[in-house]
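Please open the model in a viewer and keep the selection panel at hand.

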Amino acid sequence: IVVGAVRFTRYVADPGGYLAHETPHYDAIQWMNTHLDPAQDRVGSYLRAPTYLTIPWMNLSSYYQVAISQEDLDDPDRVLAALKRQGITHLVGRADHFEEPADWLVPVYANDASLEGGTGFFRSPSTTTVRVFKLK
């Protein structure tokens with residue numbers, strides 16, 4: 001009960017700051033909500049559920065979807081066709097998801113200090129690099 005009360009107090013005091021602090025990679029989500037068109041774009045996410053993303057999205061983990069096989073995601077010759085079949089126009093993920101970005105990925109957003117969000121109640125969340133790419 002105390003934790004809920006503290007979280008509620010933090011939210012009421014600064015809703016935008018609270019969401020930015022507690023929501024994983026809120027910076028990238030806000031960028032996509034501002035720069036992408038929900039009628040035309042669809043995001044393939046290597047991140048867990050991108051809460052507050054208003055653009056249609058698909059989690060690319062084979063644990064959460066069956067439309068794209070893990071074999072297609074792992075095969076550099078098949079992954080682009082598999083993503084396009086599902087209408088994916090952009091990819092979002094941590095830097096380690098894109099260690100060697102393919103030539104069909106165009107970087108459109110990066111933040112080297114994206115907050116992991118909500119990872120510590122009494123301390124600041126850790127940071128990581130997050131990138132958004134447009135598919136050619």
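Two strands are said to pair if DSSP finds at least two bridges between them; strands (E, at least two residues) and helices (H or I, at least four) are DSSP runs, numbered from the N terminus. The model is predicted, so local features need pLDDT of at least 70 and side-chain atom pairs count only at pLDDT 80 or more, while totals for chains, interfaces and linings use all residues. Residues are numbered from 1 along each chain as its sequence is written, and side-chain values use heavy atoms, with hydrogens and water left out.

Select residues 90-94, strand β3.

Next, select residues 127-135, strand β5. It runs antiparallel to β3, and five bridges join the two; Lys 134 of β5 lies opposite His 90.

Now display Leu 60, Ile 68, Leu 83, Leu 91, Trp 104, Leu 105 and Leu 135. Within the largest nonpolar core, which has 14 residues, these touch the most other members. Such a core is a set of buried Ala, Val, Leu, Ile, Met, Phe, Trp, Tyr and Cys residues joined through side-chain atoms within 4.5 Å. Helix α5 (79-85) and β5 each give two or more residues to this core, the largest share, three residues, coming from α5.

Finally, select Ala 28, Leu 47, Tyr 109 and Val 132, which are among the 13 residues of another core, apart from the largest one.

Terms used. Buried means under 20% relative accessible area, exposed over 50%, partly exposed in between (1.4 Å probe, protein chains only).
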